[in-house]
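Dear colleague,

I am passing on the structure we spoke about, and my notes on it follow below. Please read them with the coordinates open beside you.

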Amino acid sequence: MTAADNSQQPVAEPGTGEVRIGMPVARVDGRLKVTGQALYSAEYGAPDLAYGVVVNSTIARGRIVRIDTAHALAVPGVLDVLSHERRPKVRSMDLFYKDMTAPGGSPFKPFLDAEVHYSGQPVALVVAETFEAAREASRLVVIDYEQQPHETNLIAHIGRAHEPSRLKAGYSPPPKPRGDADAAYRDAPVKVDATFYSGVEHHNPMEMHASTVIYGEDGHLTIYDKSQGSQNCRWMVSRVFGLSKDQVTVRNPFVGGAFGSGLRPQYQLILATMAALHLKRSVRVVLTRQQQFTFGHRPETWQRIRLAAERDGQLRAVVHEAVAETSRFEDYVEVVVNWSGQLYRCDNVRLEYQLVPLDQYTPIDMRAPGAAHGVYALEIAMDELAYALSMDPLALRLKNYTEHDASKNLPYSTKELRTCYEQAAERFGWSKRPPAPRSMRRGRELVGWGMATGIWDAMQMFARARAVLHADGRLVVGSAATDIGTGTYTAMSLLAADAMGLPLEQVTFMLGDSNLPVAPIEGGSSHMTTVGSAVAGACEKLQRELWTLARHVPGAGFEKSRFRDVEFADGAIRLRSQPQVALSYTQLLSRAGKDEIDVKYLLLPNVLKQKKYIRAVHSAVFCEVCVDEELGTVRVTRVVSAVAAGRIISARTARSQITGGVVWGISQALHEETHTDHALGRFMNHNYAEYHVAANADIPDIDVIFVHEDDRIVSRIGAKGVGEIGIVGTAAAVANAIYHATGKRLRSTPMTPDKVIQDAPAESFPVK
């Protein structure tokens, strides 16, 4: 394994010098990206490359009765039109289509048969010598359907909600009730009963999903795919088409955002591979922006929360119910309600989570799946309870603060949430907040201050890492990890450079290749705790190899040393007590007659130790808004987010992750929603012109605070993860600030101008 294996592997700019964990170093992949040298999945070429364009269904449910391809095949340059009627052999069993993150049920199988399960389903693939010919011909494919009645309205069908399958990695069903929440709620002196609704959201990363399948002379497939897990994609392709894993290599060295949309292999991967095997030539399939709306999304969700408290603010009861949509063929599940039984101290808790199957594609994890909705509802209800008690919202949370999860009867491994509250409140100036709504004004705008808590799991999986120290002092570390823009390249390079005492430019971290040592899918904020710990383990193993070599160098001064007596700095091994006794790595390998030292390390979570604790990341979010009631506009003008996420490895990329999460939280609160025409059963606003996201003018300066925390239960490097926590709680803080500004309680997202203008004091939704 050398850096020459892939010219796309980024290396830091020369002159960085020795680095330490926690430093705000520049991204090692920054220059490649800003100069256009970083290649993405749709940018790899091949001499015989053909182009595929997908044809999608126009009905939401039914059967294909006829596919007329005559006019499409007549277009010059068209090679073939694939469909369920014309394709290479594929396997049909569910098992072969279940990727590593698949929920319970029967996965969607592209082109398997004539059934149409949802609007936008891929039903044909036109393949041509040029993209233009394929696109033109795709418009000429005529498909006749036998249409059947469809259902896409969650609220209209909420009465047929069912208990979901539990068969999804990482899913924890709601715990059993504790105490008697319904009786405690009935008898409590102060109570809140609120319903919430969140519409569908789509991921919309900048890079569209694409697969370039390069067909080798020996039939080997080298696939460049927009994915959060190269080995997950290889797993599916090899199983669906009956290939050995040695016949397939999947690469994703650069990914232009994903936010969860790349967790599961999407249908363009199967179709591009299908076409390559059928034609025995290289094929590329790139989805359009509109087609990005034809697979997974954040599910539409209905929630009801009932909170009850004593007059001093002590919680007496928490009842949280949620109903979300899923497809008819899979039970997609999220952890939506569990947070309400974990975040605050309460003896009486009942939690319920159900699904309604609809004629839509299976939802998919989207940044902070479940928590983005569940914590949103809980934190607005807590704010509403604070007003019912005439109590400061922060004081209510501190009143019910806990270091213990009563549902599992376990303590937290670390929890610096109290410090998050203190530091964020101080930075924001919360003590100056007048309690009454409509009490602050700036010109024609009402000003409001709101706050909320955030929580997310601190997960760790298993991974391998390989480290190779070359005779010239270069260190190459590799694992089949993914960098979707989060800073994996930089953070892992920094970890290795710190461990070995090397300048950052002498370290190369290799990722994005299914042939590299095993790594989990990049998701759940687990890459740092998992791959980072594997990298640290590999570097320690490398250190021990160097120490063993040094002890056998006559007269070098290490003969009687113990491992704890040495340190690794300035590209050398040296005695801690006598730094002048040192051997550079180049000297040491030269004397040992070695060209390189090659080590491998397997990271396995310490389950026996970890199961004794609840492992979580926490945050406190404080927000200021300015509201123009006449226009209904809401401007977020200040956000302070304090985060306790263990040891921060790469300060600049970690801060970027929290900032990005806060931006998305603002967008969730005020802008984002995909609308469905239920008569057609189809998403309608499937482009950037109509699917609104926060733009530069919508975002103020965001102040991020990292509270000191070092958690060696979660990971050997003390880190947790910062990918998800930035969004959790942000939308609730915006909603609570709007209430403080206007006295209007908005419970559905997005909180658009029409809702701000409305005269009704609060929104209402059906009670299940």
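In which helix is Leu95 found? Before the reply, please keep in mind that this is a predicted model. Leu95 is found in helix 3, which covers residues 94-97, and with a relative accessibility of 46% this leucine counts as partly exposed. Although Leu95 and Arg239 are 144 residues apart along the chain, their C-alpha atoms are separated by 8.6 Å.

The next point concerns a pair of helices. Helix 12 (residues 527-551) packs with helix 13 (residues 585-592) at an angle of about 60°, and their axes are 10 Å apart; that angle makes helix 12 oblique to helix 13. The crossing of these two helices, helix 12 and helix 13, is left-handed. On the side of helix 12 the contact is made by Leu546, Leu549 and Ala550, while helix 13 contributes Tyr585, Leu588, Leu589 and Ala592.

Finally, the cysteines. A search of the whole structure finds 0 disulfides. For Cys623, the closest cysteine sulfur is that of Cys626, and because the two sulfurs are 9.8 Å apart, they are too far from each other for a bond, given that a disulfide requires the sulfur atoms to lie within 2.5 Å. Cys623 counts as buried, since its relative accessibility is 1%, and Cys233 counts as buried as well, at 0% relative accessibility.

Note on methods:
Residues numbered from 1 in each chain as written. Predicted model: local features only at pLDDT ≥ 70, side-chain atom pairs only at ≥ 80, totals over all residues. Heavy atoms only, no water. Axes fitted to C-alpha atoms, helices over the stretch in contact; angles between N-to-C directions. Helix = DSSP H or I, 4+ residues; strand = E, 2+ residues; numbered from the N terminus. Parallel < 35°, antiparallel > 145°, perpendicular 65-115°, else oblique. Left-handed = near helix turned anticlockwise from the far one by under 90°. Contact = heavy atoms within 4.5 Å. Buried < 20%, exposed > 50% of the residue type's maximum accessible area, 1.4 Å probe, protein only.
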